[in-house]
Amino acid sequence: MKHSKIGLLYILPWLAGIIFLTLYPFVNALVISFTDYNLVRKPNFVGFGNYIDLFRNADFRSTLTATIKYTIFTVPLQLSFALFIAYILNFQLKGINFYRTAYYIPSLLGGNVAVAVLWRFLFQQDGFINRFIGIFGAAPIPWLSSPNGAMSVIVLLKVWQFGSSMLIFLAALKDVPQELYEAASVDGSSRLYSFFRITIPLITPTIFFNLVMQMVNAFQEFNGPYLVTGRGPLNATYLTSMYIYDNAFKFFNMGYASAASWLLFIIIMAVTAILFATQNKWVFYSDEGN
Amino acid sequence: MNGLSKLERRRRRKNIVSAVIRYGILTAVALVMIYPILWLVGATFKTNNEIFTTVNFIPKRIDFTPYIEGWKTRTQFTFTTFFLNTFQYVIPKILFCLISSTLVAYGFARFQFPFKKFFFSLLMATMFLPAVVTRIPLYLLWKNLGLLDTYVPLIAPTIFANEPFFVFMLIQFLRSIPTYLDEAATVDGCNSFEILIRILLPALKPAIVSCTIFQFIWSFNDFLGPLIYVTSLSKYPVALALKMSIDQSSGIVEWNQILAMSFLALLPALILFFAAQKYFVEGITSTGAKG
């Protein structure tokens with residue numbers, strides 16, 4: 001490795017970006033959050049006014065509840081599903097490539113507006129899903145017109161996109177030494193037992209990584225609810241990121257919206273910190289250290 | 001046959017049963033995953049009436065009318081404009097992202113410099129930084145520069161290697177290339193930039209292909225960026241045009257046309273994916289991120 005300041009020159013684009021397009025806006029958002037800036041008036045300092053207003057605002061509180069609910073449902077469902085499928089795929093099966101592809105396609109396309117259009121269409125009252133369950137004699141479910149139905153639709157949309165978490169799990173599972181399983185099976189352990197006693201502990205670093213990543217994403221979810229369900233009945237799917245978007249880019253209450261974005265940021269950081277704090281209780285890093 | 005012990009036979013039967021169960025689960029899940037998309041493809045050839053009456057994805061007849069009518073839209077523009085608009089920022093984004101990310105990754109992977117550890121941690125930390133916090137000040141920045149309703153706010157950040165995912169992927173890849181080639185080139189009188197271009201770039205090709213594909217699909221799918229920055233209809237990308245088509249509540253919603261255009265919007269990503277499948281899997285598993 002060359003010791004040379006020239007390395008700094010190569011990372012300069014990133015360094016400039018981090019200062020002007022990340023750190024500066026990051027601090028700037030905090031500054032704006034203490035003002036009543038609305039693009040028209042000259043900004044006035046309002047102290048914690050915006051934050052106090054936010055806590056008093058029932059709409060904002062309800063978006064927080066909806067966001068937390070969304071995260072609590074989505075992340076564990078998506079991750080356990082991804083891990084389960086990755087576990088099955090990890091057996092030496094023929095045709096694994098076909099399945100891997102099939103499972104990855106939804107993640108690939110998930111962000112596209114077209115998928116949101118499709119979901120909105122499939123879950124209509126007289127849509128495909130209700131007609132499908134009708135074949136089995138089930139009564140139509142008011143997916144988009146009931147609060148729980150709407151929440152399920154956007155949760156399902158996200159869980160459907162479990163493909164990239166699955167690929168990450170699959171890579172981790174490949175690294176679990178095969179001898180461990182063989183030793184366990186000689187000892188007469190069941191598959192289930194070795195899954196929970198050998199597989200899970202060895203891939204806890206990957207589970208942790210996926211958990212943090214998906215949690216941070218879920219707290220900021222915008223496209224799914226905005227495009228598929230909108231605010232939903234009784235604001236059931238009105239998530240905080242949509243609330244911030246509305247206040248910033250529809251009503252131009254930049255100060256208020258910045259305060260909301262900082263609050264969301266603090267919540268995400270708090271949850272991340274809690275996850276990191278619990279890390280040494282359940283995440284096992286091997287000593288090899290790669 | 002008689003040579004097999006009872007135990008051996010039982011073990012074999014057990015293996016067959018568990019293989020059947022595994023394939024059963026995998027196939028059932030794959031069907032659920034893929035059926036919505038198959039159904040979408042089928043629906044684009046159906047009449048509006050047929051869409052709402054059958055669960056079967058195979059259309060009764062192949063009719064391209066929804067495509068032709070959908071492409072025209074109800075506005076003065078056609079999807080030709082919307083697709084061209086999309087490529088106007090997707091292509092520069094890919095180019096800038098490749099150049100900047102490669103340079104930055106090279107810096108991190110091959111040189112020692114002051115505060116390197118700190119900068120690297122910062123790079124990794126930004127992978128987790130919620131983008132929601134910086135969105136408003138960035139909007140104000142582009143507004144003050146008079147660049148709203150242009151593609152600049154979408155393109156410019158890629159000049160600064162703003163996607164840590166790509167930088168990290170390239171760093172990982174560069175680390176796997178042995179340094180003796182660089183050293184030999186140094187002896188031959190190459191400077192560090194020549195080493196990057198002549199020696200490392202050819203070896204980096206798989207990683208660069210991965211970056212290109214990911215950046216293409218993400219930029220093409222991006223909805224929030226254009227939603228915030230692009231306001232005039234003549235500059236709408238496909239994502240906004242589709243959103244607009246489902247919002248038009250006046251008159252009968254021509255679902256078959258909307259679904260036909262939706263399928264076309266998914267097509268570039270699908271084609272790219274099938275053309276370069278292996279790069280995808282490698283890209284995701286090498287860095288373990290995004291999604």
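This report describes a pocket, a helix, some annotated spans and a loop residue in a predicted model.

## Basis of the model

The model is predicted, with local features needing pLDDT of at least 70 and side-chain atom pairs counting only at pLDDT 80 or more, while totals for chains, interfaces and linings use all residues. Residues are numbered from 1 along each chain as its sequence is written, chains are lettered from A and ligands numbered from 1 in the order in which they are written, and side-chain values use heavy atoms, leaving out hydrogens and water.

## The second largest pocket

The second largest pocket has a volume of about 1,200 Å³ and is lined by 29 residues, of which Tyr87(A), Phe91(A), Arg191(A), Ser18(B) and Arg22(B) lie nearest its centre. (A pocket is an open set of points on a 1 Å grid over the protein atoms alone, where a 1.4 Å probe fits, with protein on both sides within 12 Å along at least five of seven lines; lining residues have an atom within 4 Å of a point. The volume is the space filled by probe spheres set on the points.) Two or more lining residues come from each of α4 (58–89), α9 (163–174), α10 (178–186) and α11 (191–202) of chain A and from α1 (6–43) of chain B, and α1(B) gives the most, with 8 residues. Helices here are DSSP runs (H or I, at least four residues), numbered from the N terminus.

## Helix α12 of chain A

Helix α12(A), residues 204–219, reaches 22 Å from its first C-alpha to its last, close to the 22 Å expected for its 16 residues at 1.5 Å a residue; the expected span is 1.5 Å times one less than the number of residues. Of those 16 residues, 12 are buried (under 20% relative accessible area, 1.4 Å probe, protein chains only), including Phe208(A), Asn210(A), Gln214(A) and Phe219(A). Their cover includes α4, α9, α11 and α15 (254–282) of chain A, together with α5 (116–128) of chain B.

## Annotated spans of chain A

In an unreviewed entry, UniProt lists residues 64–275 of chain A as "domain: ABC transmembrane type-1", although such annotations may be inferred rather than shown by experiment. This span is 76% helix and 0% strand, with its end C-alpha atoms 19 Å apart. The record also places "transmembrane region" features in chain A, among them residues 193–212, a stretch that is 95% helix with end C-alpha atoms 26 Å apart.

## A buried loop residue

Gln124(A) sits in the loop between α6 (113–122) and α7 (128–135) of chain A. Gln124(A) counts as buried because its relative accessible area is 18%. Leaving aside residues up to four places away in sequence, Gln124(A) touches Asn130(A), Leu144(A), Phe52(B) and Trp255(B), contact meaning heavy atoms within 4.5 Å.

Note on methods
Buried means under 20% relative accessible area, exposed over 50%, partly exposed in between (1.4 Å probe, protein chains only).
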